[in-house]
Protein chains: 2
Amino acid sequence: MSPSIKDVAERAGVSVGTVSNVLNHPERVAENTRATVLSAISALGFVRNSSAAQLRAGTSRSIGLIVLDMANPFFHDVARGVEKIADELGYAVVLCNSDDEVTRENRYLQVLEEQRVRGVLITPIEVSSDRLDALRRRGTPAVLVDRHDPRVNCCSVAVDDVVGGELAGAHLVAHGHRKILYFTGPLALRQCADRLTGLRRAVAAAGLDPEETVEVVEGRVMNARSAHDAARPRLAAGAVPTAAFCANDLMALGVLRAAVSTGRRVPEDLAIVGYDDIEFAADAAVPLTSIRQPTQQIGRTAAQLLVEECDNPDTHAHQQVMFKPELVVRDSTGG
Amino acid sequence: MSPSIKDVAERAGVSVGTVSNVLNHPERVAENTRATVLSAISALGFVRNSSAAQLRAGTSRSIGLIVLDMANPFFHDVARGVEKIADELGYAVVLCNSDDEVTRENRYLQVLEEQRVRGVLITPIEVSSDRLDALRRRGTPAVLVDRHDPRVNCCSVAVDDVVGGELAGAHLVAHGHRKILYFTGPLALRQCADRLTGLRRAVAAAGLDPEETVEVVEGRVMNARSAHDAARPRLAAGAVPTAAFCANDLMALGVLRAAVSTGRRVPEDLAIVGYDDIEFAADAAVPLTSIRQPTQQIGRTAAQLLVEECDNPDTHAHQQVMFKPELVVRDSTGG
DNA sequence: TGGAGATCGTGAAACGTTTCATTCACGAGT
DNA sequence: ACTCGTGAATGAAACGTTTCACGATCTCCA
């Protein structure tokens, strides 16, 4: 089908080894031979067959990245960070989207292993994955993203969600709020539970009773619609809460809409704090106060850890990196 | 390093050919041999080396997808549609994000060609790409996504932006608006220009003078911030326009924020129509009327066209598919 | 009993690279 | 005149599969 290195060699009147050298070690071949070969290459439209190259080389220069959900700006930024570092270090990134489905996750792990990637960056759907363990046992390093390994068996990079909850709680309490709604997804998710822990801790630290001050509104899904629906009845009644903390920005937007449509002013009648500081947070009708995570940094660090492990499999020591989130104050809490 | 088919064969006491058959044509091998081989496989933790397989097979079962910007929900949905069809037809999708940089686009085209993908789906950054032409000339089919080929040399799938502009214009005119601001990105972009053409056409169709009715506000970038900044002075003055049409939803959100912060009520004082119908449009403080494009459908159709071309390179005839967008009415125009 | 099928399994070739030991050519140094 | 060294190119082996023509073994029936 497409021309091979052999065709190029023939046309240039050299051996295949020389053509290969032109491709991979240009300095080893004399000026004019190189020119002849290069012109043969472009005349024939030769494109290297990476399967053959990789088969022979035995090792690839690529890493896999499996994210939970490409629609989520968080993971998009993580991917950006990963690509940046990979680029610098000469690795290619194979991007996979598990879409929160275990079967997809497993399929991608299989594909990546068949492709002999050097390592894998992954936000696993479940805390422990047999498929992932098997991969690691066979010698492909993995780094967990936005998760921690309960057994400290591999590197991981995450953000401290308890601190995030505390930042939000302290901010609201400092503004005088004494009745705070916490809109959250399933508390079975570590992230949701940790943020609540932080919120309560901040409330307690201010000498208030968490039981009395914090009301938890737990929903199944974490989108704007569900938060809007959950918030409406609690706001319509002219009720007590003066503040809402939401487990992500989408939910915060939902609460904001509920406030607007029930005639409550933000932040005068209701202060709102979101989480993630997605792009839209700053551009909401009332710009949202939110908790920002160092997303790109997460990706960069994860990639660095992975490459470090690939390059020094023996001396490598696993690390659990934990970043601190940061509070971004905007109009929704009175700026 | 990792065990090969040969190790498996040895352990199972069969030939390599038989192991290969177990992997690829299980029906050709007897029940018990198959069982022996399978247990050898799992005992050794054998994972097929896809480089070798592909090298020998000569052809891969994968297609490339190069999108402009993974952060954009539009492309995310397109990707979803592509994956769905590819899945059904047994193809793997290699996802690439050119991030609007020509060098990245070219690098990915190179990588995909080296991997011998069967075909490429791409939203090219520039109308014509030499690298892409070369790829096609060498026999890798390509389908354009959200773009059209000026020379009708390959398949393409896009949406009619003129119709989108017309829908928005007709809707606003029907609601009595006689002074409409059009917030847009560079009119050099076909999409932006087409939407304006449609808007003017609708205005003219209602017997109004487009020159007088439509005021164009052209910005360099198409995000919420820029639209907000451009809108503020034009709204603060208690000025004439009663409606805004925005070239995308992000800009519409920016205009909405400008309206809220200058005390204009939406839709009473200012009606707003966005474009794309992104997820957030429905969840904005005032849910946005918007123009919806059949995004997943675009991805599905593009994938089908590509696979069709891969499977029947000879009988294949290029098609330029053009979908019609649809108006989604919500509160921001008085629902 | 022999022969025709059918059913399974074998073994070697081939895919397109990279690598590396080897050869070649040619000056320089003694 | 000879070795030595150096820079350049060669050619064959190897990477791990898949494929395919060919045996080997069994079953069935005349």
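1. Basis of the model. The model is predicted: local features need pLDDT of at least 70, side-chain atom pairs count only at pLDDT 80 or more, and totals for chains, interfaces and linings use all residues. Residues are numbered from 1 along each chain as its sequence is written, while chains are lettered from A and ligands numbered from 1 in the order in which they are written.

2. DNA strand C. Two or more residues each come from helix H1 (5-12), H2 and H4 of chain A, and from H2 and H4 of chain B. Helices (H or I, at least four residues) and strands (E, at least two) are DSSP runs, numbered from the N terminus. H2(A) gives the most to this surface, with six residues. The surface near DNA strand C has 12 nonpolar, 11 polar and four charged residues; Ala, Val, Leu, Ile, Met, Phe, Trp, Tyr, Cys and Pro count as nonpolar, Asp, Glu, Lys and Arg as charged, and the others, Gly among them, as polar.

3. DNA strand D. The elements giving two or more residues are helix H2 (16-24) and helix H4 (50-57) of chain A, together with helix H1 (5-12), helix H2 (16-24) and helix H4 (50-57) of chain B. H2(B) gives the most here, with six residues. By class, the surface near DNA strand D has 12 nonpolar, 11 polar and four charged residues.

4. Helices H1 and H2 of chain A. H1(A) and H2(A) pack at an angle of about 105°, with their axes 8 Å apart. H1(A) is therefore roughly perpendicular to H2(A). Axes are lines fitted to C-alpha atoms, for helices over the stretch in contact, and angles run from 0 to 180 degrees between N-to-C directions; 65 to 115 degrees counts as roughly perpendicular, under 35 as roughly parallel, over 145 as roughly antiparallel and the rest as oblique. Ile5(A), Lys6(A), Val8(A), Ala9(A) and Ala12(A) of H1(A) meet Val16(A), Thr18(A), Val19(A) and Ser20(A) of H2(A). Two residues are in contact if their C-beta atoms, placed from the backbone, lie within 7 Å.

5. Helices H5 and H14 of chain A. Helix H5 (residues 73-88) and helix H14 (residues 295-311) of chain A pack at about 45°, with their axes 7 Å apart, and are therefore oblique to each other. Their contact has nine nonpolar, six polar and four charged residues.

6. Contact between the chains. Chain A and chain B each contribute 37 residues. On the chain A side, elements supplying at least two residues include H4, H5, strand E2 (92-97) and helix H6 (102-114). That side divides into 19 nonpolar, 10 polar and eight charged residues.

7. Ser290(A). This residue lies in strand E10 (residues 290-292) of chain A. Ser290(A) is buried, with 30 other C-beta atoms within 10 Å; the cut-offs are 20 or more for buried, 12 or fewer for exposed, and partly exposed in between. Leaving aside neighbours within four places in sequence, the contacts of Ser290(A) include Asp249(A), Val273(A) and Val328(A). Ser290(A) and Leu167(A) are 123 residues apart in sequence and 9.7 Å apart in space, C-alpha to C-alpha.
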